[in-house]
Amino acid sequence: MSRPTRTIAAAVATTALLLVSACNSASTTGSSETEDSVRGVSDTSVKVGGIVSMTTASGYSKKDTDLGAKARFDRANAEGGVNGRKIDYLGAEDDGQDPAKNLTAARKLVQQDKVFAIAPMSSTTFSGADFLQKQKVPTFGWGTLPSFCGPTYIYGFGGCMVPMPGGTISQTWPEGLKKVLGGSTGKSVAILANDSDAGTFAIRTYKQSFASAGFKVTFAKPSVPATSVPNDWSAYTKEILRSNGGKAPDAVVSVMQTPYNIGLFTAIKRAGYTGLLTDPTDYDPGLLAKSATKKALDGVHVLLSFQPFEQDSAAMTQFKEDIGKAAGKDVPLNMHMMTGYMSADLFLAIAEKAGKDLTVASFQKAADGFSDTGTMVGDRAEPKGQKESFGCGALVQLKDGKYSVSSPFECYPPIPFK
């Protein structure tokens, strides 16, 4: 079967699975406003669970997302909870980065565990999104998937990062690189992503984003298999290094996970490339424990949609203190912890505004028109965040075994997504 045929078949199968699951859920779970509004809420507690890719076929893990959420909920409980209710955090279900497991985890948390909300949801797949939307479950995560853009019950802690037509695109990445490169005039970039839905959306988004910032996009393909890391990167590196009229581009942008970035960056360095390398993933001091990994990622500029750990601010000091307490010891910080922490933080902020009479309806009413300022992801606002990102971020560079800020945390005006 050809790959296009397999892709269509897979899409049809996935759609069928979601439709069947939605029908089954309707027959086994009450969907009235009264039942939904009290799910997971008692006089003294609010039940919350998470969905995280803790184990994956490639070895990549987001497990510390769970720790980040726990750290934020622990502090909330220590301060008395939300309007007198403690957060009963059940921990995160492991979806193994598998669409079927993602949906199964969502159904379990809602139908069996009876959670009021899901925070965090962190995976490269979100097949449970339609189910959660239909069941009116407030859900919080990193808005890097299309499902975070549009549904009324699903929130990205930094807003919608992968917008649909009619939305906007954050310019943090290209604007940050402009500062590093001394401008975009005459500068070229090549963008590589996985052959997946997420990869396709990423290419579509960043191709427009970098071009709008004045860069010449010489290569933009979602062509790397998403199911396994290639052993041989030569086909990709040759095409990239000849993409700029037979020459190498000024920057290579990888929109992939750490195991892929290690392979790509190692191969492209061996091919003699001396330009700028950048990705949105590899901000993790734990990666420095292995010399091979540290060498592969040396010099790479990593995009962040939150304040760098190196930034001196009261919020960052509090974050570090909370993580240490939750872990029971000093641990290397990573972006997964921040994902869990800020997912929980946005849920708590809206729940606080909802007041003592906490229902799904009161929560959604509080979300409609919610805003605050000066957080570690910038100024937040809903429902704006369900259509566009909050537009803030920074770049850090790994150099000689240490991260340093190469483009400070800043907010940039977004552009329309076409």
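Is Thr-237 buried or exposed? In this predicted model, local features need pLDDT of at least 70 and side-chain atom pairs count only at pLDDT 80 or more, while totals for chains, interfaces and linings use all residues. Residues are numbered from 1 along each chain as its sequence is written, and side-chain values use heavy atoms, with hydrogens and water left out.

Thr-237 has a relative accessible area of 6% and is therefore buried; buried means under 20% relative accessible area, exposed over 50%, and partly exposed in between (1.4 Å probe, protein chains only). The residue Thr-237 belongs to helix H8, residues 234–241. Helices (H or I, at least four residues) and strands (E, at least two) are DSSP runs, numbered from the N terminus. When neighbours within four places in sequence are set aside, Thr-237 contacts Leu-264, Ala-267 and Ile-268, where contact means heavy atoms within 4.5 Å.

Two disulfides were counted, a disulfide being a pair of cysteine sulfur atoms within 2.5 Å. Cys-149 and Cys-160 are joined with an S to S distance of 2.0 Å. Cys-149 lies in the loop between strand S4 (139–141) and strand S5 (154–156), and Cys-160 in the loop between S5 and strand S6 (168–169), 11 residues apart. The torsion about their S-S bond is about 100 degrees, so this disulfide is right-handed. Both Cys-149 and Cys-160 are buried.

In the disulfide of Cys-392 and Cys-411, the sulfur atoms are 1.9 Å apart. Cys-392 lies in strand S14 (residues 392–399) and Cys-411 in strand S15 (residues 402–411). Cys-392 is buried, at 6% relative accessible area, whereas Cys-411 is partly exposed, at 41%.
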